[in-house]
Amino acid sequence: MDLELNEVAVSAAGKRLIEDVGLRVPSGGLVGLVGPNGSGKSSTLRCVYRTLRPERGSIRLGGRELAAMSLRESARLTAALTQESQAEFDFTVTEVVEMGLTPHRGSEADRGGYDPAGALRAVDCEHLAERGFLTLSGGEKQRVLIARALVQRPELLVLDEPTNHLDIRHQLEVLSLVRRLGITTLTALHDLNLAAAWCDHVHVLSRGRVVAGGPPSEVLTPETVGAVFGVRAHVVEHPETNAPQLLFAPAETTKK
Amino acid sequence: MTAPSAPPQRAQLHDRRGPREGALAQSHVSVIPARGALVRSATRRKGTSVVRQSFTSDDSTSSPSATRSASDGVPPGVNGSNSVERTNPAPTARQDLTGEVHPGGEALERKPPEKRPARARLPLLCTLFGAGLLVSVVCGVALGPTGIPFGKTVELLYQALRGGVVPAEDAGIYYIIWDVRLPRVLLAAVVGAGLSTVGVATQAMVRNALADPFVLGISSGASVGASAVALYGILGALGLYALSTAAFLGALAATSLVYLVARTSNGLTPLRLILTGTAMSYGFSAVTTLLIFQSPKGNAAESVMFWLLGSLGGVTWRSLPVAAVVVCCGIGYLLLSGERLNALAMGDETATTLGVDPAGFRRELFVLAAAVTGVLVAVSGAVGFVGLMLPHLVRLLVGADHRRVLVLAPLAGAVFLVWTDVLARTVAAPEQLPLGVITAAIGVPCFLLLMRRRGTTLGGR
């Protein structure tokens, strides 16, 4: 199911967060959002998973206007991994994962896809099933939340920094899993190299606007990265995967 | 369902002893009420203990429909490119995400018997607490300044329920049982169940485990109304109902004010709700204090204080129906909302992505908490501790999942408050103690003990 944003704008507390954001995630595609802190990545994602209401523009999921769907309806199609965390209620891991079934409750239609145990297995967290969610490390929490997203059986995955807190192996494994699932995915990523290696398309956000978009090799150029992030970047080819990789240096450093 | 000859009614705040049993024992009983509808509504609550969703079962065998088909988008490099992920343990060698190979899927099939104490315990606990509630009610009726043998209590209660005949020499005792003690015990159960359940809902609503139903300014608002009646005779036209009505109106006014002040363009936000409620509570308490000090009556402070700490003195059958119906509706609604409460407890964004509108749901919970607590405060004063601690105790027993907590919380709350009330009227008999004193005296040590034993991450780490 494809996702299309057109001229989306949103403000909060009188401040414009994103302006005229347009991008498309083709069905089954993995599209990354990169940009400096405060550039509007999370705001864009929030519009898609509906905790922010766009003032202008349209968001279409599978050709249908998102704003015209009920929250429950869109939650059956979209699963999201947010940056939010709470520390009051000590749910077990299984309970947290089961929450992914919430939007499907009452509609006993097709129950294909992951069950909670299978989802935990998929993210390599079976052994945590009865642990308290609050006792987990950041990376374990992240993987459990991904398992919850799988249980939700979404057509669209929205991931806000899915590799946050993960060690390098689990970073690669999470992206590898997302890849293999083949679900349409829109993800914000801090790490430009992960974006370059895994995403079909990358959109670069700066001050609330999309300043570049396309295949990583065309978008993540020294010029764009330099202009948007204020660092100097060199692009090299990964010797094994041929993916573009970026090497960074502070902007003010002079060459030796 | 009302008794043929109601005991002398007192709506005064300073009625600390309730109806005097000695005097009542001499009054006659000629007609025995048929089965009380209220009795049934209270015992029927047992029936609600079955709401356990099927998917919480321990069965971990997954559906063979497995996952979505593995994508053709092979990741560039990295180990997992050729691994196939299935939710169904296949009898062949299997490579999982970690890259480890489990020959014959052995690692998956040789599952150690899992301990799921919190889940497995629920039916047992419900049976225990359900039976405990019945026993507690009988004990609550039997125990008191006028001791009544258990056998006699059970027999008389049975006769009352089936509309039988009571021998003339038992008439006095029967009167105490049916018209003085039973309504009081049942109301204790209703109040306990209500406060405990609403406590659970309030804590999820403001996402703070230290919240209780009174955080919304309900009790302090009710106290303003109650003091106005007690000290100045406002609403005198309503007679017996003046106090309850004023307390309820006070609670309603206070919560409405809290709601209006706490409201933002994003609906009610947890922190703002707590802070507003707390600030307003101080304000209302100040008004109550002012009323007391300006009062023409001498013992004003004492009588209002007694009411504020909670008391079931002077309860009759007439106090029961409204409270019971409101509490039952509240519990029923919450039992159906367990999953949504879980989602809300995880955070507003998470709730949204799970299809639960946090603003709308929080509004529903606010109205429910205000209505139930307002009614309860009107009939019993502000009984502290129950709404704060019982949800914690229940969570220590069955875990945080609201689908389980909400099944046990009403039962546990009912049992707790029945015994609290028994103590309140026996410990210092013939004087009665405020319920709040007893709830704190029992609850605090009990709670601390459980918390230490479990070593949970209660209230965050």
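Biologist: Why is Gly63(A) called partly exposed?

Modeller: Its relative accessible area is 46%. Buried means under 20% relative accessible area, exposed over 50%, and partly exposed in between, with a 1.4 Å probe and protein chains only. The value for Gly63(A) falls in between, so Gly63(A) is partly exposed. This is a predicted model, in which local features need pLDDT of at least 70 and side-chain atom pairs count only at pLDDT 80 or more, while totals for chains, interfaces and linings use all residues. Residues are numbered from 1 along each chain as its sequence is written, chains are lettered from A and ligands numbered from 1 in the order in which they are written, and side-chain values use heavy atoms, with hydrogens and water left out.

Biologist: Where in chain A does Gly63(A) lie?

Modeller: Gly63(A) is in the loop between strand S4 (56-61) and strand S5 (64-65). Helices (H or I, at least four residues) and strands (E, at least two) are DSSP runs, numbered from the N terminus.

Biologist: What makes Thr44(A) count as buried?

Modeller: Thr44(A) has 0% relative accessibility, and therefore counts as buried. Thr44(A) sits in helix H1 (residues 41-48) of chain A. Apart from neighbours within four places in sequence, its contacts (heavy atoms within 4.5 Å) are Leu5(A), Ile18(A), Val21(A), Leu33(A) and Leu205(A).

Biologist: How do you know that Lys41(A) is buried?

Modeller: Its relative accessibility is 7%, so Lys41(A) is placed in the buried class. Lys41(A) also belongs to helix H1 of chain A. Beyond four places in sequence, Lys41(A) is in contact with residues including Leu33(A), Glu161(A), His190(A) and Leu205(A). The C-alpha atoms of Lys41(A) and Gly138(A) are separated by 21 Å, and the two are 97 residues apart along the chain.

Biologist: What is the phi of Arg153(A), and what is the phi of His165(A)?

Modeller: Arg153(A) has a positive phi of about 50° although it is not a glycine. His165(A), likewise not a glycine, has a positive phi of about 70°. Arg153(A) is in the loop between helix H5 (138-151) and strand S7 (156-160) of chain A, and His165(A) is in the loop between S7 and helix H6 (168-181) of chain A.

Biologist: Turning to chain B, why are H6(B) and H15(B) called roughly perpendicular?

Modeller: Helix H6 (residues 171-205) and helix H15 (residues 386-398) of chain B pack at an angle of about 75°, and their axes are 7 Å apart. Axes are lines fitted to C-alpha atoms, for helices over the stretch in contact, and angles run from 0 to 180 degrees between N-to-C directions. Under 35 degrees counts as roughly parallel, over 145 as roughly antiparallel, 65 to 115 as roughly perpendicular and the rest as oblique. The two helices are therefore roughly perpendicular to each other. Among the residues in this contact are Gly192(B), Leu195(B) and Gln203(B) of H6(B), and Leu388(B), Pro391(B) and Arg395(B) of H15(B). By class there are six nonpolar, six polar and one charged. Ala, Val, Leu, Ile, Met, Phe, Trp, Tyr, Cys and Pro count as nonpolar, Asp, Glu, Lys and Arg as charged, and the others, Gly among them, as polar.

Biologist: How many helices and strands are in chain B, and what share of its residues is buried?

Modeller: Chain B has 17 helices and four strands, and buried residues make up 54% of its 461 residues.
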